[in-house]
Amino acid sequence: MKAAVLFSGGKDSTMAVYKAIEEGYSVEYLVSMISENPESYMFHVPNIHITELSSEAMGIPLIKAKTPGEKEKELDDLRAVLNDLKNRGVDAIFAGALASQYQKSRIDDLCSEIGLESKAPLWHWDPKEYMEKLIEQGFEVILISVSAEGLDESWLGRKLDNKLLDEIIELNSKYGMHMAFEGGEAETLVLDCPIFKKRINIIESSNMWETDSGYLVISQAELVDK
């Protein structure tokens, strides 16, 4: 069966690609929605341009579609893309939803309307076990946005490893932060993983920080041999 994956370049959508391949689907396309609204309810915004490198690293074509990112109206833009994918012969849409009922329910409804199978292979995966699995399977993940109590500017650019996970577990205990950031506490970028033929190397970046939240701006990056 042919599949497409809603793709941001972060850990969850990259793992969704990994799981789709593992389940025997032929992943024909990655789909990145480019939102003009940094506060989009549905779509990842920070460094979305890096998905072009992720696509090349995996050897999977990327479809980019713009959206103003207005709440609920952005679903019309996604509907148009899903209809196009249906016409291209795609059977299933994969998404990296872990616990967000808001996102999953809307993707499920659109897929049902259009006649596509909606797949969320990470749904309700225990967040601690999920983060451990990412580390164990060799996903090189960095934080590119933080916006939660306990996460300061020093977290930007940090790599997910066992030390970082221990700190995340502590913050979960102290503040109730979701250990896989499904509450929007942080956004991530995958630089390498088992399905990448090359890895992403960040050449130039800078921090944008305002009071208690911020993001890493990647101005230059490249693919390098592994």
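User: Which orientation do H3 and H4 have to each other?
Analyst: This is a predicted model, where local features need pLDDT of at least 70, side-chain atom pairs need 80 or more, and totals for chains, interfaces and linings take in all residues. Numbering starts from 1 along each chain as written, and side-chain values use heavy atoms, without hydrogens or water. The axes (lines fitted to C-alpha atoms over the stretch in contact, angles from 0 to 180 degrees between N-to-C directions) of H3 (residues 74–87) and H4 come within 10 Å and cross at roughly 45 degrees. Under 35 degrees is roughly parallel, over 145 roughly antiparallel, 65 to 115 roughly perpendicular and the rest oblique, so H3 and H4 are oblique.

User: How many charged residues are in the contact of H3 with H4?
Analyst: On the H3 side you've got Leu75, Leu78, Arg79, Leu82, Asn83 and Lys86, and they meet Arg106, Ile107, Leu110, Cys111, Glu113 and Ile114 in H4, contact being heavy atoms within 4.5 Å. Sorted by class, that's 7 nonpolar and 1 polar, with the charged count at 4.

User: How do H1 and H5 lie relative to each other?
Analyst: The axes of H1 (residues 11–22) and H5 (residues 127–136) come within 12 Å. Their crossing angle is roughly 70 degrees, so H1 and H5 are roughly perpendicular.

User: And which residues of H5 make that contact?
Analyst: H1 brings Lys11, Asp12 and Met15. The residues of this contact split into 4 nonpolar, no polar and 3 charged. From H5 come Tyr130, Met131, Lys133 and Leu134.

User: How are H5 and H6 arranged?
Analyst: H5 packs on H6 (residues 162–175) with the axes 10 Å apart. The angle is about 170 degrees, so H5 and H6 are roughly antiparallel.

User: How many nonpolar residues does the contact of H5 with H6 have?
Analyst: H5 uses Lys128, Met131, Glu132 and Ile135, while H6 uses Asn162, Leu165, Ile168 and Ile169. Of these, 1 is polar and 2 are charged, and the nonpolar ones number 5.

User: Which element gives the most to its lining?
Analyst: The lining (residues with an atom within 4 Å of a point) is Ala95, Ala97, Lys104, Ile107, Asp108, Ser118, Lys119 and Ala120. By class, that's 4 nonpolar, 1 polar and 3 charged. Helix H4 (101–114) and strand E5 (117–119) each supply at least two residues. With 3 residues, the top contributor is H4.

Conventions. 1 Å grid on protein atoms, 1.4 Å probe; cavity = no way out; pocket = protein on both sides within 12 Å on 5 of 7 lines; lining within 4 Å. Helix = DSSP H or I, 4+ residues; strand = E, 2+ residues; numbered from the N terminus. Nonpolar A, V, L, I, M, F, W, Y, C, P; charged D, E, K, R; others polar.
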